Amino acid sequence: MKRPVPYYIVICTLILIGAGLILHRHWVYEIPLTPGETQTIWSVEAKVQFLANGDPVRASLARPSNQPGFMVLRDSGASPGYGLNFIDAPTPVAEWTVRQADGSQMLFYRVEVLQSETMGDLPPEAPPELQTRDWQEPFASAVRVILDRVYSTSADHFSLTRELLKAFAAEPAEQNVELLMNEFGNDRPEQLAYMLNKAGVPARVVYGLYLQDGRRQQELTPMIRVWQGEKSQVFPIPGYTPNLIGTDEMGPLLLWEQRGAPVLDVIGARDSQVRFSMIRREESTYATVANTLSSQYNFFNFSIHSLPVEEQAMFKTILLLPIGALVVCFLRILVGLKTSGTFMPVLIALAFIQTSLVTGLIGFLLVVAAGLVLRSYLSKMNLLLVARITSVIICVVAIIGVFSVLSYKFGLTEGLKITFFPMIILSWTVERMSILWEEEGPREVVTQVGGSLATAVLAYWAMNDAWVRHLTFNFIGIQFVILGLVLLLGSYTGYRLLELKRFVAFTR
């Protein structure tokens, strides 16, 4: 079918506008076109929420300071109607104050930190005074037995701390350890610090934040900081590790509060809490780029950086969807792959990003296979469509729950990531595959499932590429280019590559 000339003018215009915006941001604002050329900057946003009582309110939030591996570049806050001050002594805090507040309140604090191996040295700090606590029996005896045992197998304060934490991480737990763990409950970090103090080891509870790109609504992780003379080390506490997204490796640790002060202190309100969101950026130099990006937002510098960090982390994933859609268009229009649903492979690819590729493939196949077995039983009941789909959804949720529990029981923690799969999409996939099995036979089911998985894998590789993620997040113009390419693909009416096999006989 012949296309009118304005159609191709629109395509060229979109591609030229996108390329122009990309080059403008690269030349004017010095945004690198490839990742990894410069230093890494983390934007961390803390969202403070509480219920005010109608009285004067004073809210203090601990602020991070320079430390090995990180240098604090700047911090800011958003607090409509509140006064905001950054206090450095005796401990760095952000303090909001207001004469009267009532109802739900929300405050924001943002800090930009530069990740570096040579910057942000932490000045030496004197060890804290030893704190004592008297435990009642039989807990006092359990503490004494455990400390005597770990002391005999240690050489200094640091090794004693490792032995103590190892005792609390052992499975199955020793009788005295299990007794104390049941007694400590959620107060375990503070009680471990008291135990170390009882052994003559200066220690206090500090709070750190494991940085991982795109994480939202995260809490601080309590840790133990131990001194040996003027040197100190931070130790993770067993059972207090954050949930990871799509990886088994912890990100860099930013010590948010390292002096033993409260993380959040609110006077005149109740039910206070703080959650953290973070996002990573690659910048050429912070002085010339970050300040420009934050203060000069116009049409030509239109970017996601103007949004709060939590929304930036969300858009960092959303902006990858056009890349996956472009892959689907290419494979379906030019190659001729059959898929179950048009853009279902894109959603499956997003799930692969959360779970990792191998785990996602195994989990998808297990859930779909088990779902088809249950769906074949439901088809014998002659249910109405809505009731049948609802039953499939419930069955898929149950299957995922069973697989998660079984994988955990067998020590396969990778199986827990299956919960990242979209339940509704899996349910519709099972329903479509079941109907297709009844109408077309198992061969067509295998063809469409195989095509869907192949498309999802290719979309995953494209969406998870560091260069692609860098371009989509930092250059909004790439969306115009993708749109132009999709419109260009939409004008193709020739043979698909997989259809050419019909002409093999002519070549013979």
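**Salt bridges in a predicted model**

Let's start with one pair. Arg-63 forms a salt bridge with Asp-88, and their closest N and O atoms are 2.6 Å apart. Salt bridge here means a side-chain nitrogen of Lys or Arg within 4 Å of a carboxyl oxygen of Asp or Glu. This pair links distant parts of the chain, 25 residues apart. Arg-63 sits in the loop between strand 2 and strand 3 (70-78). Asp-88 sits in the loop between strand 4 (83-87) and strand 5. Helices (H or I, at least four residues) and strands (E, at least two) are DSSP runs, numbered from the N terminus.

A word on the source. This is a predicted model: local features need pLDDT of at least 70, side-chain atom pairs count only at pLDDT 80 or more, and totals for chains, interfaces and linings use all residues. Residues are numbered from 1 along each chain as its sequence is written, and side-chain values use heavy atoms, leaving out hydrogens and water.

Back to the pair: buried or exposed? Arg-63 is buried, at 8% relative accessible area. Asp-88 is exposed, at 56%. The cut-offs: buried is under 20% relative accessible area, exposed over 50%, partly exposed in between (1.4 Å probe, protein chains only). Asp-75 joins Arg-63 and Asp-88 in a network of salt bridges.

Next, Arg-58 and Glu-95. Their side chains meet in a salt bridge, 3.2 Å from N to O. Arg-58 is in strand 2 (residues 57-62) and Glu-95 in strand 5 (residues 93-98), so the pair ties together parts 37 residues apart in sequence. Arg-58 is partly exposed at 40% relative accessibility. Glu-95 is buried at 15%.

Last, the total. The structure holds 11 salt bridges.
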